Amino acid sequence: MHDQLDYFLTLYDSYLRCNGYLSLSAVGALLFSTEPSPTKVVLRFDLISIAELHFKMTEHLQSNVSQDLVWEICRPNNAFLVKRKSGGGSQFSRDPLNLMNKHSRKYAGFVNNKAVGIHPAEKGGVTLATKKTKHLNRPAVNKNEVSWSGQKSGPKIYKGIVNYTAKQGYRADLRQEAVARASAIRESQRPKKEDPEPKIRGSKAKKAEEKST
């Protein structure tokens with residue numbers, strides 16, 4: 001905890017120096033001094049917003065990191081990776097923004113700045129999740145979700161998915177995969193019909209059935 005705090009304060013101190021403000025030690029001296037100062041209130045609120053400044057700094061740093069570099073680092077091992085010994089060592093992904101559940105650069109949602117996910121919704125519907133290009137380092141707030149109820153027809157849902165993604169220039173390369181996944185979800189949500197009992201055909205089969213009963 002103390003190491004994280006020291007690292008955090010070091011970042012903030014560097015931010016103050018780079019922007020021409022007082023150093024962190026000078027700020028602390030003003031805050032804890034007994035002499036009244038009009039800058040103490042401003043600096044106090046400035047220190048309260050350290051977390052917000054930290055997020056801004058990390059967003060700026062992350063935007064300079066190549067997606068290909070992130071993939072090369074996370075490809076051997078990550079939280080979503082599922083390895084199977086069978087099937088020639090197949091590798092899958094549990095990433096919710098991976099349409100095909102394949103461990104690949106194209107479909108990895110945690111690597112790409114733009115990603116698409118299709119999930120079942122309540123009452124037989126479908127939910128479309130897309131990744132925002134802002135706040136990439138804050139996964140809790142960097143998603144947009146749009147849902148269609150089960151009362152909507154399949155073609156209307158597929159058209160809505162295409163309108164929200166491919167037609168707006170958002171990962172047009174995933175258009176076919178997104179529609180296919182939505183179609184599979186809709187098919188799985190349909191109630192299954194019971195198989196009808198086989199009919200007895202032929203006189204011999206009918207006589208054998210009568211004798212058995």
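Guide: Helices (H or I, at least four residues) and strands (E, at least two) are DSSP runs, numbered from the N terminus. On that basis there are nine helices and five strands in the protein.

Visitor: What kind of model is it, and what are the cut-offs?
Guide: This is a predicted model: local features need pLDDT of at least 70, side-chain atom pairs count only at pLDDT 80 or more, and totals for chains, interfaces and linings use all residues. Residues are numbered from 1 along each chain as its sequence is written, and side-chain values use heavy atoms, with hydrogens and water left out.

Visitor: What pattern does the protein follow along the sequence?
Guide: The pattern reads α-α-α-α-α-β-α-β-β-β-β-α-α-α.

Visitor: Which strands form the open sheet, and in what order?
Guide: The order is β3-β4-β5, with antiparallel pairing; two strands pair if DSSP finds at least two bridges between them. β3 (116-120) and β5 (143-148) are the edge strands, each pairing on one side only. On average, neighbouring strands are turned by 20° against each other, direction ignored. Axes here are lines fitted to C-alpha atoms, for helices over the stretch in contact, and angles run from 0 to 180 degrees between N-to-C directions.

Visitor: How many bridges between β4 and β5?
Guide: Six, with β4 covering residues 126-131. In one of them, V126 has W148 of β5 as its bridge partner.

Visitor: Which helix packs on the sheet there?
Guide: Helix α7 (residues 154-164) does, touching β3, β4 and β5, and its direction makes about 160° with that of β5. Contact means heavy atoms within 4.5 Å. Helix α8 (residues 175-189) lies across β3 and β4 and runs at about 5° to β3.

Visitor: Which residues have the most contacts inside the largest nonpolar core?
Guide: L99, V116, I118, V126 and I161, in a core of 14 residues. A nonpolar core is a set of buried Ala, Val, Leu, Ile, Met, Phe, Trp, Tyr and Cys residues joined through side-chain atoms within 4.5 Å. Buried means under 20% relative accessible area, exposed over 50%, partly exposed in between (1.4 Å probe, protein chains only).

Visitor: And which element gives the most to this core?
Guide: α8, with three residues; β3, β4, α7 and α8 each supply at least two.

Visitor: What is L99 in contact with?
Guide: Leaving aside neighbours within four places in sequence, L99 is in contact with V116, G117, I118, L174, E177, A178 and R181.

Visitor: Switching to T127 in β4. Buried or exposed?
Guide: T127 counts as buried because its relative accessibility is 8%. The side chains of T127 and S147 are joined by a polar contact of 2.9 Å. A polar contact is a pair of N or O atoms within 3.5 Å; within protein, one must be able to donate a hydrogen and the other to accept it, and residues adjacent in sequence count only if both atoms are side-chain atoms.

Visitor: Where is N112?
Guide: In the loop between β2 (91-93) and β3.

Visitor: Why does N112 count as buried?
Guide: Because N112 has 7% relative accessibility. Its side chain makes a polar contact of 2.5 Å with the side chain of R105, and reaches the backbone oxygen of A108 at 2.6 Å.

Visitor: How much of the whole protein is buried?
Guide: Buried residues make up 26% of the 213 residues.
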